[in-house]
Each structure stands twice: as structure tokens, then as C-alpha cells.
Amino acid sequence: MRRLTRRQRIAAVALTVVSLLFISLDFAGGALSSARGGATGGLGALYRGTDTVIGPVRRFVQGIPDVADNRAELARLRRENADLRRAVAANAVDAASSRRLDALQLQAASRSWRVMAARVIATGPGAGFEWTVTVDVGAREQVAPGQTVTDGSGLVGRVIAVYPTTSVVLLTADPTAGVGVRDTRSGQLLLASGSGSSGMTARPLDDGVDVKVGDQLVTGPAGRTTFVDGVSVGRIASVRGAADGTVRVAVRLTAPQSGLDLVGIIVGQPLRTVRAPIGSQARQ
Amino acid sequence: MTISRIAAAFAAIITALLLQASLIGPLTFPVPVSMPALIVTIVGVYAGPGVGLGLGFVIGLLADLGAAHPAGVQALCWMGAGLVAGTVGGLATERGYGTRGVAGLAAALAAGASFAVTMLLAILGSHGATAWLALRDLIPVGLTDALLGLVLVPLIRALLRAQGVRVPRPGADVIGRVHVSH
């Protein structure tokens with residue numbers, strides 16, 4: 001045990017008195033405000049400088065207990081982000097599907113067709129053809145081979161195989177697909193066949209007919225095609241004559257053949273009234 | 001007191017305050033550990049009550065002026081801690097306490113100083129300090145101070161033994177004359 005010297009005892013008493021004086025002065029008012037401001041300012045500048053050096057170390061040490069939590073939080077946020085991205089993508093798909101359904105509904109209503117909406121569930125080679133898609137409706141939904149498939153704006157293809165719950169659709173762009181079409185401007189008939197990614201090519205039944213670039217082509221005529229008549233096939237993109245004198249017409253399809261999602265299968269056409277020959281009623 | 005000792009003391013005070021504010025305080029939150037108080041007690045143990053007294057007052061007053069509570073509170077309490085550490089520390093050094101012993105003693109005194117600071121602030125009605133807070137933090141502060149002391153004690157001991165900083169040995173007092181007859 002050390003003993004205090006006389007000077008130390010005096011110093012202790014003096015410093016105690018000074019401390020109590022400081023406490024009294026500062027507690028009563030702002031007598032030490034300038035000293036406090038100077039100390040705070042000086043220490044503040046030093047704190048900033050020190051934090052530049054020590055700050056990263058401190059933050060690293062402070063982060064150690066939260067490493068596991070941060071990993072879990074990061075994983076949770078990643079999952080949440082993925083869910084949100086899926087939701088956004090699903091919303092976009094839903095919006096596109098909604099637009100196609102509207103188009104199908106409008107087309108069905110305007111033509112009095114019975115249209116079965118179907119979603120494309122597989123694409124690619126199938127049933128021995130190159131350009132086919134598989135849809136999620138089949139015999140249970142009264143789908144039958146040969147039925148016309150549309151996307152609401154134009155011809156997509158026709159059903160070539162039907163299973164209980166799915167069907168295979170041959171797209172019009174398939175090289176083996178053939179469609180009888182009619183030029184809506186001139187009324188001339190053409191035979192169109194698929195040409196893969198180029199769309200379709202058509203050949204007029206009569207090489208001397210009047211076809212022009214931009215003419216609208218629709219399926220038809222009624223009773224002469226396996227397709228429902230009057231469905232838009234596309235527009236003439238180019239007309240050129242071959243060396244043998246025949247005319248070849250390139251068709252830009254109305255319905256895109258790639259990226260199909262929602263389509264409509266025309267499962268029933270309106271019953272047609274049996275018309276009497278013109279003038280027969282007058283004679284009766 | 002030499003210039004080198006004054007410079008060393010000033011450097012120690014500034015370093016202690018900066019480390020407390022930028023490293024120790026944030027890392028030990030919510031336990032209100034005070035590294036400057038611990039340094040005062042450790043220095044007091046090795047350097048004696050005079051140095052502990054002066055260091056405690058200066059570093060406490062500087063810390064007070066940089067804080068929002070009334071100035072003089074920490075100066076008074078840390079000065080008392082340095083004084084007690086210097087007085088009791090003589091016994092510790094005489095008995096040859098090692099690092100752990102000195103760290104434990106210094107931690108107990110520093111925790112007592114922190115308790116006294118909080119109690120004094122509670123008496124003054126300052127910054128929401130209460131006796132319950134002072135009592136609640138006493139043991140956590142003491143334990144953390146002890147751990148911190150295990151690091152600080154060897155450092156401070158080595159620093160105080162460094163050339164130029166070492167406390168000069170007190171001169172021998174003449175207690176009498178002995179006549180030797182041939």
C-alpha cells in the first residue's frame with residue numbers, strides 16, 4: 001500500500017475542488033460552453049480522421065456476429081427477388097394471354113364460331129412433321145383432326161392428331177402444309193404452302209390472274225378447303241415470275257408461327273340455313 | 001516531469017479517447033465500457049497515486065468536455081479511481097501480481113469508477129442516468145474491463161518501462177549520519 005505524499009494530498013484536494021467547481025458551473029449554466037465547443041470540435045476532427053482508419057476494422061468486427069443472419073437474409077431476399085421476377089413475368093404473360101383471348105373472343109363472336117381456347121404446351125418436331133405445336137386440349141374438349149386453329153387474328157394451322165387431353169397442330173409454315181386461299185381484292189384462288197421461317201409461298205391456280213403486293217389472302221372458298229373459310233392467312237409480300245412462266249407469291253403470315261402461347265381451335269361452325277334458289281320463292 | 005513524459009501522456013490520452021469513441025464504445029455497446037478509465041487505473045497501479053490522480057483528472061475532464069453531460073463528473077470519478085489504483089497498486093506490485101491480477105484489480109476499480117459516474121449523473125438528473133442502470137451495468141462492465149485489461153496491462157507496463165517514460169526512482173532520504181571511527 002502506497003501512502004500519499006503531502007503534495008499529492010494537496011493536489012487531490014485541489015483537483016476535487018476544481019472538479020466540483022466545473023460540475024457546478026456547467027450544471028448551472030453554459031459557463032464552459034466555449035471550452036466544451038473547442039474540445040468537441042477538436043475531438044470531432046480527430047474522430048473523423050480516426051474513423052477513416054479504424055472504421056473498416058470496426059465494421060468488420062461488428063459484422064461478424066451477423067454473418068449467419070446476413071446469409072440467411074441474403075438467401076431470403078434472393079428468393080423473394082426470384083418470386084417477384086416470376087410474378088412480373090407471369091403478369092406479362094397473363095396480359096399477353098388476355099389480349100389473345102380478347103382477340104379470339106372477338107373473332108369467334110363476329111363469325112359465330114365456337115372456339116376452344118388452348119395453350120401451347122410444347123413446340124417442335126412432332127407427329128412426323130417439322131412445324132408443329134402441342135396444345136393442352138384434346139378429344140375430351142371435342143377437338144377433332146382437321147379443325148382450324150387460329151390465334152385470333154389469323155390462321156395458325158390445323159389439328160392433325162388428337163389425344164384425350166392434348167392435340168397436335170400442324171402450323172401453316174410447315175413445308176408439308178397446304179392451304180387453299182382467296183385474294184380478297186380480286187377474288188382469285190391460290191394454293192399456298194408452308195415454307196418454314198419464310199412463311200408461305202402461294203401459286204395462283206391461273207398464272208394470268210391479277211395479284212398484287214399487299215393483297216389480303218384468306219382461307220377459302222367455302223366447301224373447297226379443309227379449313228374454316230374466311231380466316232386471314234396473310235398478305236402478299238412479293239410477286240415474281242419463274243422461268244417456266246409460273247407466278248410465285250410470297251406470303252407474310254398474319255399469325256406469327258413462333259412464340260405461340262394461346263390459340264383457339266374452331267370446334268364448331270354456325271349452322272347454315274338452307275337457302276332456296278334465287279327466284280324460287282317468287283315462282284311459288 | 002520531463003517533456004518526453006508529457007508528450008507520452010498526451011499521446012496516451014488522445015489515443016485512449018479516440019479508440020474509445022471509434023472502436024471500443026461501438027464494439028461493446030450496450031455495455032458502457034470505458035477504456036480511458038481502465039487505462040487510468042492500470043497506469044495508477046504501476047506509476048503510483050500521483051500519476052493516476054493527474055492522468056485521471058486530465059483525461060476525465062477532456063472526455064467530459066467532449067461529451068454532453070456536465071463537465072467534471074468523469075474528471076472527479078476517474079481521478080478518484082487513479083488515486084485508489086495508485087494507492088492499492090503498491091500492494092499489488094509488492095506482492096508481485098501478474099498480468100491477470102493487475103487486470104482484475106484495474107477492472108474492478110474502473111468498473112467502480114463507471115458506477116460512480118452513472119450514480120453522480122443520476123444524482124444530477126442528467127441524461128436519464130439512474131441508480132438501476134449503474135447497478136445493472138456494474139458486472140458486465142467489470143467483466144469486459146477485465147478482458148480488455150488482459151490486453152492493456154502488458155502494453156501499458158511495457159510503455160511505462162520504456163526509456164524516457166519510466167518513472168524516476170525517488171531520491172534517498174537522509175535519515176541520519178553514522179560516524180565511523182577508525
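β4(A) and β5(A) form a hairpin, with four residues between the two strands. Helices (H or I, at least four residues) and strands (E, at least two) are DSSP runs numbered from the N terminus. The model is predicted: local features need pLDDT of at least 70, side-chain atom pairs count only at pLDDT 80 or more, and totals for chains, interfaces and linings use all residues. Residues are numbered from 1 along each chain as its sequence is written, while chains are lettered from A and ligands numbered from 1 in the order in which they are written.

**Strand β5 of chain A**

Two strands pair if DSSP finds at least two bridges between them.

| Strand paired with β5(A) | Sense | Bridges | A bridge pair |
|---|---|---|---|
| β2(A), residues 132-135 | antiparallel | four | A:Val133 with A:Val169 |
| β4(A), residues 155-162 | antiparallel | five | A:Arg158 with A:Leu170 |

β5(A) covers residues 167-171, and five of its five residues are buried. A residue is buried if 20 or more other C-beta atoms lie within 10 Å of its own, exposed if 12 or fewer, and partly exposed in between, with C-beta atoms placed from the backbone. A:Ser167, A:Val169 and A:Leu171 point one way from the strand, and A:Val168 and A:Leu170 point the other way.

**Nonpolar cores**

A nonpolar core is a set of buried Ala, Val, Leu, Ile, Met, Phe, Trp, Tyr and Cys residues joined through C-beta atoms within 7 Å. The largest has 58 residues, and B:Leu38, B:Ile42, B:Ala81 and B:Ala106 have the most contacts inside it. At least two residues of this core come from each of α1 and α2 of chain A and α1 (3-28), α2 (35-47), α3 (49-65), α4 (73-94), α5 (99-124) and α6 (131-160) of chain B. The largest share, twelve residues, is from α5(B).

Two residues are in contact if their C-beta atoms, placed from the backbone, lie within 7 Å. Leaving aside neighbours within four places in sequence, B:Ala106 is in contact with B:Leu38, B:Thr41, B:Ile42, B:Val45, B:Ala85 and B:Gly149. A second, separate core has 44 residues, among them A:Trp131, A:Val133, A:Ala177 and A:Val218.

**Interface between chains A and B**

Contacts link 28 residues of chain A to 30 residues of chain B. On the chain A side, α1 (6-28) and α2 (33-63) are the elements that give two or more residues. α2(A) supplies the largest share, 13 residues. The chain A side divides into 17 nonpolar, six polar and five charged residues. Here Ala, Val, Leu, Ile, Met, Phe, Trp, Tyr, Cys and Pro count as nonpolar, Asp, Glu, Lys and Arg as charged, and the others, Gly among them, as polar.
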